[in-house]
Amino acid sequence: MENCPYGGICGGCQYREEGLENSRRCKQENFIKIMAGLHCPPEIYDEPVFIPDGVRRRAALAFCCRNGNITLGFNARKSAKIIDIENCALLLPELNRCLPEIKMLLQNLCSEPFHEKRKKRKPEQSFLSSGDVWLCRADNGTDVVLEFDQELELAHRMAIVETAQKSSAIIRISHRRKNNTPAETIIEKLSPVVNISGYEVFVPAGCFMQASKPAETALIKLVSEYMEDTPGKIADLFCGMGTFSYPLSKNKNNKITAVDSSPELLEAFSGSIRRGMISNIEIKSRNLFRYPLDESELKNFNAVVFDPPRAGAAAQAAKLASLPETERPEKIIAVSCNPKSFVTDANLLIDGGYRLWRVAMVDQFVFSGHMELVAAFLKK
C-alpha cells in the first residue's frame, strides 16, 4: 500500500514517497543517532520491529465545512489546510468504510444551527464550521468521538443517534468540547471492547490505546520477553488501560500494582478486571509526574514497567535511581513513544547504577518520523 494519491501532500505520512525500505532505513539510522546520547550504550540492540501499512485502528481526523461542503482528513504538510481523504492507506479497511457515514453525519451537524442565549435578546444562531473526529476500531465495531467547542442541542443529538442507528459498523458516538477532557456518550449500541492477552477489555470513549493491534502485540511480546521469569511484585506505571498488566498477571505468582491518573481509564480498567475475575492486579490513582512513587513504595517491587507519554518519566526514573542498592527492583522495563525523552530517563537510571541490558525499536507509525522502543535495565 505504498502508493497513495495523497502522497507528498498529506501530513498523515511524511515519508511515503520515499518508499518503505528507504523509510525504514532512515528511521533506524535516526534511532541509533538518538541512542548515541546514552551515557552507556545497551549491551544488546535487538532486531527492530516493523509494523505493516494499513493496520491503524486509531486515528484523529480534522474536518471543516465551507459553503455546505465537508472536508474530512489530515492536515496538509506544514499547513492548516485539510486534505480530503476518501481512503487512507494507513487505516484499517473497516475505518475507511466508515468515512462516508462520518461525512454525512458532519454534513447534518453543520447544517443545524446552535442558538446562543443572550439576556433580553433573541438567541443568535451560529453553525459548526470545523473540529476533529477521533476514530477507534474496537474488536466489535467502530467508536467515534466528535470534538468541537459547542454544546450539543437536541437537533444535533438526534442527528448523531440517527447516524448510529443506521450504521452497521459504528457502535458508539460521543462528543467532547476539548481534547483531553471526558467525552459524553450520545449513543452506545454496544460497549467497545478489545482483547488483550485473552481478556475482554472495555475501551472508554476517546481513551489512549496503541494505534494498531500488531504494534500492541509486539510491545507486549517484548515486555514479556524482557521480564523473563522475574516473579513477584511488579509495578505497572502509567498503566493506561492495562496493556501490560494483563499479560503480566497471567503468572499467578505475580502481584501487579497498576498506577495511572486518568479516572476514565482506571474506572474501565477496574471493571474489566472484575469481569475477568483477575485477582492479582491492584489499581491505584496517582499523578506520577507530580507525585512519583517514592523510596518507601518502590522498595517492595521486584520489577517495574513504565510507559509514560511523550514527555517521559524523569521524576519517576530519578526516584528509582536514588534507591539504595539493597532496595532496588531487580529489573526495570521502559516502554517509550519518544526516544529523546527515553534517553533522559535512561541516563538517570544508568548514572544511578543500573545496567542498560537490551533495547528494541518498534516502528508503529509507518512513513512517519515517530519511533517507539522497549528497553530493559538490570540492577548491577
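I looked up Ser174 in this predicted model, and, leaving aside its neighbours within four places in sequence, I found Ser174 in contact with Val144, Val145, Leu146, Ala183, Glu184, Thr185, Ile186 and Ala205. Ser174 belongs to strand E10, which covers residues 170–176, and with 0% relative accessibility Ser174 counts as buried.

Next I followed the sheet, which is open, has seven strands with mixed pairing, and is ordered E5-E4-E3-E8-E9-E10-E11. At its edges I noted strand E5 (82–84) and strand E11 (184–188), each of which pairs on one side only. On average, and with direction ignored, neighbouring strands of this sheet are turned by 30 degrees against each other.

I then turned to one pair of strands: E4 (residues 69–75) and E5 run antiparallel and are joined by three bridges, and Gly73 stands opposite Asp84 in E5.

For the helices, I noted that H3 (residues 154–166) packs on the sheet, where it touches E9, E10 and E11, and that its direction makes about 40 degrees with that of E11. Helix H2 (residues 93–111) lies across E3, E4, E5, E8, E9 and E10, and runs at about 135 degrees to E4.

Cys136 is in no disulfide, because the nearest cysteine sulfur, that of Cys207, is 6.5 Å away, whereas a disulfide needs the sulfur atoms within 2.5 Å. I also noted that Cys136 counts as buried at 9% relative accessibility, while Cys40 is partly exposed, with a relative accessible area of 37%.

How values were computed. Residues are numbered from 1 along each chain as its sequence is written. This is a predicted model: local features need pLDDT of at least 70, side-chain atom pairs count only at pLDDT 80 or more; totals for chains, interfaces and linings use all residues. Side-chain values use heavy atoms; hydrogens and water are left out. Buried means under 20% relative accessible area, exposed over 50%, partly exposed in between (1.4 Å probe, protein chains only). Helices (H or I, at least four residues) and strands (E, at least two) are DSSP runs, numbered from the N terminus. Contact means heavy atoms within 4.5 Å. Two strands pair if DSSP finds at least two bridges between them. Axes are lines fitted to C-alpha atoms, for helices over the stretch in contact, and angles run from 0 to 180 degrees between N-to-C directions.
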